[in-house]
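Please open the model in your viewer and keep the selection tool at hand.

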Number of protein chains: 2
Amino acid sequence: MQDKILDWLRKKQDYLSGDQLSQRLGISRQALWKHIQQLKDTGYEIVAVPHLGYRLASCPDRLFPSEITYGLNTKIMGKKIYYFDILPSTNEMASELGIQGAPEGTLVLAEGQSRGHGRLGRNWFSPKYKGIYLSLILRPGILPALSPVLTLIAAVSICEAIKENTGLAAQIKWPNDIFLHNKKLGGILTELNAEMDIVRFVVIGIGLNVNNDKRSLVQGGISLREEKGEPISRVSLTQEILRDMERNYLSFQAEGSQGIIEKWRNYSITLGRRVRVSLEKRQVEGEAIDIDADGGLLVRTDAGLRQKIISGDIIHCR
Amino acid sequence: MQDKILDWLRKKQDYLSGDQLSQRLGISRQALWKHIQQLKDTGYEIVAVPHLGYRLASCPDRLFPSEITYGLNTKIMGKKIYYFDILPSTNEMASELGIQGAPEGTLVLAEGQSRGHGRLGRNWFSPKYKGIYLSLILRPGILPALSPVLTLIAAVSICEAIKENTGLAAQIKWPNDIFLHNKKLGGILTELNAEMDIVRFVVIGIGLNVNNDKRSLVQGGISLREEKGEPISRVSLTQEILRDMERNYLSFQAEGSQGIIEKWRNYSITLGRRVRVSLEKRQVEGEAIDIDADGGLLVRTDAGLRQKIISGDIIHCR
């Protein structure tokens, strides 16, 4: 019911009389008043003026499903949303939902994470109401070996959404980090649930520093707000990420990885750089020259050898 | 306590006096008698003779953890056992245990499965007390793309164990079926839980027709008992599979996939055959000439092209 009230107020963009509103919703004036109070309690500013009625003055910066859904216009991403004030980890929740059969595009959102983590269990600081912490369930029906392309899609979509929403030029450090002016802005954690030769579902987790101030950033981290000098709407940015994810994902499904890889090259801060990669038993050092159709990084060593790196942490030298 | 009683009776292999037994276990004669009754109820034949004591005459053909563990002598496989009279699916249970952090080698055993399944959700008929239905959790720390090798390891280990225990020559149809005299004897279902570039854990599920009679076999299926003409000890065969899995898995960890691939070639009924493979958008037909180090099947088409097949169902032509 509260979502319906918000819908009417949003459409009107002006005062809407309490009589009209309660008639349209089929509830009493008193019931309407109670719902309006509850909306105010959750952070909506609703102005009430005698003889004029109610007007929506502002929405809280909360990732409520009704906020995310309003004007989203996607076919897959976020059609089903699970929202939490705080979660240990959105990826863990999404994995459980995936096992229970949640459909493609299911979105898990949390305002904060108590055990947010990146690759190899590394901590991802997830202070409440500051960042975007979301996980998407995809069911691409591909070979497990092709799944790194989904990380590329997420990385490109995040950079596109940030550009669109803030004008800032975020970049990608292979394989899964988002950087802004050489500081860490966010990361992607892709997890697979698969049979030997087919992916059942993938969870794409995204953690992004948005409205963090200096105190809510770890060393070497940066937020969009710090860089832009003003607060960012986490709702709008989340919506834009979902739209860009959908466009890039559908293009990958229809035409393969080539288009996404071309975009990725433009956002990369890794290509052309001298990199050092620690593999299990040895190190590879050389110039990062390209990524291939599976998402692997191609490195040319000083001896002139081309090596394909599928896994691991890279260090950008100098 | 009942496991301890069984241990003593097994070691003695003859009559053991009730006085001695109750003293060693630190329980009363009456408590001992109650435990003996309960063991008899679960299917152990224990003979009691006045003045001589108790003797273990026979064990039931049940996959009780105490039966599997007795004389197993493995370091990893089956060090922790979860046993069920009936489960929907041993793989599903093992996946849950894996997510909860169950260690490498954890074994899930069920006497029957109500929703046993193979690749792509296909049904696997799992009548109670007839077959072996088990799942093993492994944590090999490899790339997802390398996981098909684990299916090869399971397939080879099953063939080795059957040879050792019954003398029968089971064979492997790529990628995951066990055949006996061109009829289906069993299958393997390998499931991954992984990050983009590292496997967190793998569940290897094995379903094998052992003591099934004609009525408890599906069309085109065969059991060891039908072929051998006598009942097979499911306990001994399970133990042998675990031992062979451990040996082959450790060899893979130490030396890579080459050794297992050489063994696999000898058990294969696919290599040298004319095969047809249905891929997503087209069919490949030709001679299956080899498998490569990742477990992919190499097919030479009539046009002389070599194609690597990673995924899919193959049909043996003629």
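How many helices and strands does the secondary structure of chain A contain? The model is a predicted one, and in it chain A comprises 9 helices and 14 strands.

**Stop 1: the whole of chain A**

Select chain A and display its C-alpha atoms. Along the principal axes, these atoms fill a box of roughly 80 × 40 × 30 Å. Of the 318 residues in chain A, 42% are buried. Consider next the contacts in chain A between residues at least 6 apart in sequence: 60% of them join residues at least 24 apart.

**Stop 2: the two copies**

Now display chain A together with chain B.

**Stop 3: where the chains meet**

Select the residues of each chain that are in contact with the other chain. The selection holds 18 residues of chain A and 18 residues of chain B. On the side of chain A that touches chain B, helix 6 (148–166) and strand 8 (183–195) of chain A each supply at least two residues. The largest share, 6 residues, comes from strand 8 of chain A. Classified by type, this side of chain A has 9 nonpolar, 5 polar and 4 charged residues.

Select strand 8 in both chains. In which sense do strand 8 of chain A and strand 8 of chain B pair? They pair in the antiparallel sense, over 5 bridges. To see one position in this pairing, select A:Glu191, which stands opposite B:Glu195 in strand 8 of chain B.

**Stop 4**

Which residue of strand 12 is the bridge partner of A:Glu287? The partner is A:Arg300.

**Stop 5: the sheet in chain B**

Move to chain B, where 5 strands likewise form an open antiparallel sheet in the order 13-12-11-10-14. Its edge strands, strand 13 (306–309) and strand 14 (314–316) of chain B, each pair on one side only. Select strand 10 (residues 274–278) and strand 14 of chain B: they run antiparallel and are joined by 3 bridges. Here B:Arg276 has B:Ile315 in strand 14 as its bridge partner.

**Stop 6: helix 9 of chain A**

Select helix 9 (residues 258–267) of chain A and show its side chains. A:Ile260, A:Trp264 and A:Tyr267 are buried in this helix. Seen down the axis of helix 9 of chain A, the buried residues fall within an arc of 60°, so they line one face of the helix. On the other side of the helix, A:Gln258, A:Glu262 and A:Asn266 are exposed. What covers the buried residues includes helix 6, strand 6 (171–173), helix 8 (234–255) and strand 11 of chain A.

**Stop 7: A:Asn209**

Select A:Asn209, in the loop between strand 9 (198–208) and helix 7 (224–228) of chain A. Is this residue buried or exposed? A:Asn209 is buried, with 29 other C-beta atoms within 10 Å. Leaving aside neighbours within four places in sequence, its contacts include A:Gly131, A:Leu185, A:Gly186 and A:Leu217.

**Stop 8: helix 5 of chain B**

Finally, select helix 5 (residues 90–99) of chain B. Its buried residues include B:Thr90, B:Asn91, B:Ala94 and B:Leu97. Viewed down the axis of helix 5 of chain B, the buried residues fall within an arc of 165°, so they line one face of the helix. They pack against strand 3 (81–87), strand 4 (107–113), strand 5 (132–138), strand 8 and strand 9 (198–208) of chain B. Just after helix 5 of chain B, select B:Gly101, which takes a positive phi of about 95°.

Conventions:
Residues are numbered from 1 along each chain as its sequence is written. Chains are lettered from A and ligands numbered from 1 in the order in which they are written. This is a predicted model: local features need pLDDT of at least 70, side-chain atom pairs count only at pLDDT 80 or more; totals for chains, interfaces and linings use all residues. Two residues are in contact if their C-beta atoms, placed from the backbone, lie within 7 Å. Helices (H or I, at least four residues) and strands (E, at least two) are DSSP runs, numbered from the N terminus. Ala, Val, Leu, Ile, Met, Phe, Trp, Tyr, Cys and Pro count as nonpolar, Asp, Glu, Lys and Arg as charged, and the others, Gly among them, as polar. Two strands pair if DSSP finds at least two bridges between them. A residue is buried if 20 or more other C-beta atoms lie within 10 Å of its own, exposed if 12 or fewer, and partly exposed in between; C-beta atoms are placed from the backbone. The arc is that of the directions from the helix axis to the C-beta atoms.
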